[in-house]
Amino acid sequence: MEHLTENCLSLILSFTSPKDTCRPSGVSTELRAAGDSDELWNKFLPPDINQILRRSISTLTYTTKKQLYFSLCDSAILLDDGNVSFWLDKGSGKKCLMVAARQLAIVPWWWQWLYDSNSRFSEEVAVLDKGRCVDIRGKMKIGIFVNEREEVPDDEASIVYPDPRTSAHNIEQRNGEFSRWRKDEWMEIKIAEFETGARDDDDEVETRFMSTDTNVLKAGLIVQGFEFRPKQPMAVV
């Protein structure tokens with residue numbers, strides 16, 4: 001180990017994952033220095049991170065690229081006038097985004113725009129007010145998800161709405177998928193999966209959440225936005 005330079009160790013660690021890189025840091029001072037280097041964490045950050053940060057509505061303060069990485073994992077930033085929330089998946093470094101409800105195509109007649117202190121988008125959410133039709137669509141360009149380290153990444157989209165303990169909408173199953181409670185006290189349900197590797201960067205992926213039963217009057221659904229994020233690998237049993 002002592003015969004390898006810090007740059008060489010950083011290069012070796014760059015072929016692992018951010019999670020794996022943090023594990024050997026206590027083994028030796030050489031590995032710790034290599035594991036903290038900006039050169040290494042530049043490889044884990046998205047290649048277009050500087051362009052993304054320029055779209056942020058606030059200034060992110062950091063001294064090292066490792067600090068920037070974990071800051072983006074632990075706390076989302078708002079882009080594009082506050083209409084898109086961006087963060088990184090801590091284990092893989094892949095991009096995650098949520099599109100604000102205001103940017104979604106929502107049939108307007110049965111919806112109201114209200115303020116909710118738990119929303120990350122200027123505390124604004126869409127609230128369904130006694131309608132028989134629910135039809136919400138969201139779009140995102142494929143290019144934002146593709147990193148140079150990825151070949152055919154898989155992604156998924158979810159709709160995010162409140163914790164059922166404070167909402168009339170309880171745990172429901174949709175196309176075999178169950179809604180789940182998130183750490184931020186909102187609920188989500190997966191509505192689509194898509195592959196990005198076979199598409200051009202300018203292509204758009206559109207996902208849709210709708211109700212086909214118009215005989216039932218619906219009310220009380222609160223929507224914060226559509227979330228797009230990398231698909232999590234299946235656990236090995």
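Okay, one definition to start: a charge sits over a ring if NZ of Lys or CZ of Arg is within 6 Å of the ring centre and within 35 degrees of the ring normal. In our structure, the charged end of Arg102 does that with the ring of Trp113, 3.9 Å from its centre. Arg120 has its charged end over the ring of Trp87, at 5.2 Å from the centre.

Quick background. This is a predicted model, where local features need pLDDT of at least 70 and side-chain atom pairs count only at pLDDT 80 or more, while totals for chains, interfaces and linings use all residues. Residues are numbered from 1 along each chain as its sequence is written, and side-chain values use heavy atoms, with hydrogens and water left out.

Now, rings with rings. You describe a pair of aromatic rings by the distance of the centres and the angle of the planes. Rings of Phe, Tyr and Trp (its six-membered ring) pair if their centres lie within 6.5 Å; planes under 30 degrees apart are stacked, over 60 edge-to-face, and the rest tilted. There are four such pairs here. Trp41 and Tyr69 have centres 5.0 Å apart and planes at 55 degrees, so they're tilted. Trp41 also makes a tilted pair with Phe70, 5.4 Å centre to centre and 55 degrees between planes. Together, ring pairs link Trp41, Phe44, Tyr69 and Phe70 into a cluster.

So which of these are buried? Buried means under 20% relative accessible area, exposed over 50%, partly exposed in between (1.4 Å probe, protein chains only). Trp41 is buried at 0%, Tyr69 is buried at 0% too, and Phe70, at 21%, counts as partly exposed.
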